[in-house]
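Could you walk me through how this model is packed inside?

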Amino acid sequence: MATACEASEQAGRLAEQGIHLVSTDEKTGIQALERLYPDIPMGPGRVQGREHEYQRHGTLCLTANLEIWCGWVIAPTLGPTRTEADVVGHIEQTVATDPLAGWVFVVDNLNTHQSGGLVQYVAQACGLREDLGEKGKRGILKSQASRAAFLADRSHRIRFVYTPKHSSWLNQVEIWFSTLVRKLLRRSSFASLEDLRERILQFIDYFNRTMAKPIRWLYSPRPKAGDESEQELAGTTG
């Protein structure tokens, strides 16, 4: 928790040094639901009416990066799955937007965030020539713990900060996901997966232009005596 809080507090200083601090996570199972009948508009004394019947057109997984210092959502990925290969491809795509910069990704402890493929990508992108070992047998690739330790190494140009278990609220992109649900997904109708994909990308563009703002991080993992009630997570993106 202290490491995650420290990273968020330093977002502005890291940006001045040319280092991107981004909060990254997946929102899975986003459904493309098409309402079979149009809504009834709200009126005097009447809330908006919505027909309960709909047609399913499938689901998408959104992997998003929230850049902490400015609040922008950058290099989103939309696809049907969130496999190890999907995560590696997403990180590679994100780094490619500024390939020579430093990158710090705040993520949770999902196994795909600590995978052998991710270790191999980071080693290659950072020009590390050390022996990575063999998955399940020896070296850096041996276990999830050894891979996580390598990926979190502060000496690497591309590194990861892992939030504790059951602490998703420390990962700022979760706040943005709630904004996406409230502003777009909850009451929309989508004619197809492509329609859903385009509407999400349009919302991200709109959000970055009109709603994004720097996140002020006020939470501390070490509250002073008597200050527990005053600790808060401020600067939400909604």
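Leaving out neighbours up to four places away in sequence, Thr63 makes contact (heavy atoms within 4.5 Å) with Thr24, Asp25, Glu26, Ala75, Pro76, Thr77 and His90. Thr63 sits in strand S2, where helices (H or I, at least four residues) and strands (E, at least two) are DSSP runs numbered from the N terminus. Thr63 counts as buried because its relative accessibility is 9%; buried means under 20% relative accessible area, exposed over 50% and partly exposed in between, with a 1.4 Å probe and protein chains only.

A word on the basis: the model is predicted, so local features need pLDDT of at least 70 and side-chain atom pairs pLDDT 80 or more, while totals for chains, interfaces and linings use all residues. Residues are numbered from 1 along each chain as its sequence is written, and side-chain values use heavy atoms, without hydrogens and water.

Now for the cores. A nonpolar core is a set of buried Ala, Val, Leu, Ile, Met, Phe, Trp, Tyr and Cys residues joined through side-chain atoms within 4.5 Å. The largest one has 30 residues, and Leu21, Leu62, Trp176, Leu185, Leu196 and Ile200 touch the most other members. Among the elements that each supply at least two residues of this core are S1, strand S2 (54-67) and helix H7 (193-210), but H6 gives the most, with six residues. Ile200 touches Ile30, Leu62, Leu78, Leu184 and Leu185, not counting residues up to four places away in sequence. A second, separate core of 25 residues includes Ala101, Ala123, Cys126 and Ala148.

Ala148 is also one of the buried residues of helix H5 (residues 144-151).

| Group in H5 | Residues | Relative accessible area |
|---|---|---|
| Buried | Arg147, Ala148, Phe150, Leu151 | under 20% |
| Exposed, other side | Ala145, Ala149 | over 50% |

Helix H4 (116-125) and strand S5 (158-162) are among what covers the buried residues of H5.

Finally, the largest pocket. A pocket is an open set of points on a 1 Å grid over the protein atoms alone, where a 1.4 Å probe fits, with protein on both sides within 12 Å along at least five of seven lines; lining residues have an atom within 4 Å of a point. Its lining has 13 residues, with Ile30, Gln31, Leu33, Leu185 and Arg186 nearest the centre of the largest pocket. Strand S1 (19-35) and helix H6 (173-185) each supply at least two lining residues, and S1 provides the largest share, seven residues.
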